[in-house]
Amino acid sequence: MLRTQVSLRRTVWDRLATRSGVVPPGVAVMAFPPYTEDHELFRRAVRTFAEREIAPHGEEWDREESFPRELFRRAGASGFLGVRFEPAYGGSGLDYWYTGILIEELMRGRNVGVVVSLMVQCEIATSIIGAYGSEALKREWLVPAITGERIAALGITEPGAGSNVAGLGTTARRDGDHYVINGSKIFITNGTIADFVTLAVRTGGPGPYGVSVVVVPTDTPGFSIGRRLRKVMARSSDTAELFFQDCRVPVGNLVGEEGHGFSNIMRLFQGERLVLAYIANSWMREILDATLQYAGEREVFGSALASMPVWRHRFADLMTQLEASRALTWYATELLCAGEPRAEVSVSMAKLFAGELFKRLAAECDQVFGGYGCMEEYFVARATGGISGFAIGAGTSEVMREIIARRTLGSGR
Ligand SMILES: Cc1cc2nc3c(=O)[nH]c(=O)nc-3n(C[C@H](O)[C@H](O)[C@H](O)COP(=O)(O)OP(=O)(O)OC[C@H]3O[C@@H](n4cnc5c(N)ncnc54)[C@H](O)[C@@H]3O)c2cc1C
């Protein structure tokens, strides 16, 4: 099993600092993130997996809007679906630093849908069972989720209750030693392929204290799948509407205490939000890398794009903002791993910063590609949805700026 050890091992960043003369040789630098040899070994293992198992198929899986179920088993066999779970259930007993590395490296496969699905499996739908589930629930559902044999989904969002989780309306009425579930869910990742759904239901009155969480096997009579929803991003991940009509599940499927579902979900949302921040940062890294490569190769008016001051400054800004986003996410990881109460604010900041930066970075990078930024054969076009189309056709924004500047300010030479 891999274990975290905080050490002062020098990272790439402090090596750079030493080389550039900021830190005199021989002076110990506090490594941040606090990665050790174990982290690096884990990183290499995940990178190899992403290069072999995801990258060669990424484009095809987006086109097909799905990926093979077998990938869950392969990820499970490599030990990637139980990073933070206890070894007693097949996990590695590690922390969010390893989850972060897992995401950073899986994203090198350049298929965000696959990573979303796998993270639902190993963090978002199952961490609540790991934290609050009974021994029996862990044996029956968590263990096979960690091996990738059984696929998990998390059912919280409803057509009438998204951000407002406390307003959810799917009911679970107690009837002897069963709950009888009625209602529907929407936008559920892994929805059509799941073997079980970790489901938020109303067992009590209105508001947060009436919410509980139950595990619903998808072969339960009364469970049905509505539409498989087609998305314009993360296309390969499975997203669905789910319906529950008089679904009977044993009371033993309750996760944690009745009426504690809302507070348990909110506590675990910290991890889910951190996962999303890592996915966004890693996706931005891939988009920016591909863009820098293109800018180095593409010549306009006799110069490589990457050599033009206007673009160099924009790239410098994007690299700075992405580094800030990553640093904030790492800081939030540190606080979450340390169990600090202020982690909640930092995780929210990291998720907010990364999500908002993505919108700007995607548009800036897509613009670099000109018309190619709207063509599906280009990774950056697919990753950003060709967001710059209107800022390209009939003269790009940069050319418009050049015309405006020349006419109003002169040639500037
Ligand atoms: C790709 C994808 C995968 C998903 N996977 C899952 C999954 O596996 N399981 C699951 O349960 N859900 C899933 N979701 C659903 C997701 O969690 C919800 O979409 C999200 O919580 C927002 O809910 P909503 O879509 O109903 O938006 P709404 O809550 O209707 O929000 C609409 C707008 O109103 C704003 N708003 C809401 N409340 C306030 C407020 N108090 N003040 C100001 N503005 C406000 C929002 O910010 C937003 O801009 C997924 C969504 C996507 C896109």
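Helices (H or I, at least four residues) and strands (E, at least two) are taken here as DSSP runs, numbered from the N terminus. The model is predicted: local features require pLDDT of at least 70, side-chain atom pairs count only at pLDDT 80 or more, and totals for chains, interfaces and linings use all residues. Residues are numbered from 1 along each chain as its sequence is written, and side-chain values use heavy atoms, with hydrogens and water left out.

**Ligand site**

- A backbone N or O atom of Leu 154 lies 2.8 Å from a nitrogen atom of the ligand.
- For Phe 187, a polar backbone atom is 2.9 Å from a nitrogen atom of the ligand.
- Thr 189 places a polar side-chain atom 2.8 Å from a nitrogen atom of the ligand.
- On its own the ligand has 980 Å² of accessible area (Shrake-Rupley method, 1.4 Å probe; for residues, only the protein chains shown count as cover), and the protein covers 39% of the ligand's area.

**Glu 65**

- Glu 65 sits in the loop between helix H3 (58–64) and helix H4 (70–77).
- Glu 65 counts as buried because its relative accessibility is 10%; buried means under 20% relative accessible area, exposed over 50%, and partly exposed in between (1.4 Å probe, protein chains only).
- The side chain of Glu 65 makes a polar contact of 2.9 Å with that of Arg 230; such a contact is a pair of N or O atoms within 3.5 Å, and within protein one must be able to donate a hydrogen and the other to accept it, while residues adjacent in sequence count only if both atoms are side-chain atoms.
- Setting aside residues up to four places away in sequence, Glu 65 is in contact (heavy atoms within 4.5 Å) with Arg 228, Arg 230, Arg 235 and Ser 236.

**Tyr 96**

- Tyr 96 belongs to helix H5 (residues 96–106) and is buried, at 11% relative accessibility.
- Beyond its neighbours within four places in sequence, Tyr 96 is in contact with Arg 84, Glu 123, Gly 271, Leu 274, Thr 333, Leu 336 and Cys 337.
- With one of these residues, Arg 84, the Tyr 96 side chain forms a side-chain polar contact of 3.0 Å.
- Tyr 96 and Val 275 are separated by 179 residues in sequence and by 8.8 Å in space, C-alpha to C-alpha.

**Helix H10 and Glu 334**

- The 29 residues of H10 should span 42 Å at 1.5 Å a residue, and the end C-alpha atoms are 42 Å apart, which agrees; the expected span is 1.5 Å times one less than the number of residues.
- Glu 334 lies in this helix, H10 (residues 309–337), and is partly exposed, with a relative accessible area of 32%.
- Glu 334 touches Phe 32, Pro 34 and Trp 97, residues up to four places away in sequence not being counted.
- Just after H10, Gly 339 adopts a positive phi of about 70 degrees.

- Helix H13 (residues 397–409) has 13 residues and reaches 17 Å between its first and last C-alpha, close to the expected 18 Å.
- Gly 410 follows H13 and has a positive phi, near 85 degrees.
- Ala 394, in the loop between helix H12 (379–384) and H13, also has a positive phi, about 60 degrees, although it is not a glycine.
- Ala 394 is exposed, at 85% relative accessibility.

**Other loop residues**

- Asn 190 occupies the loop between S3 and strand S4 (196–202) and is buried, with a relative accessible area of 0%.
- The phi of Asn 190 is positive, near 70 degrees, in a residue other than glycine.
- Thr 218 lies in the loop between strand S5 (211–217) and strand S6 (223–228), and its side chain reaches the backbone oxygen of Ala 194 at 2.8 Å.
- Not counting residues up to four places away in sequence, Thr 218 touches Ala 194, Asp 195, Phe 196, Val 197 and Phe 223.
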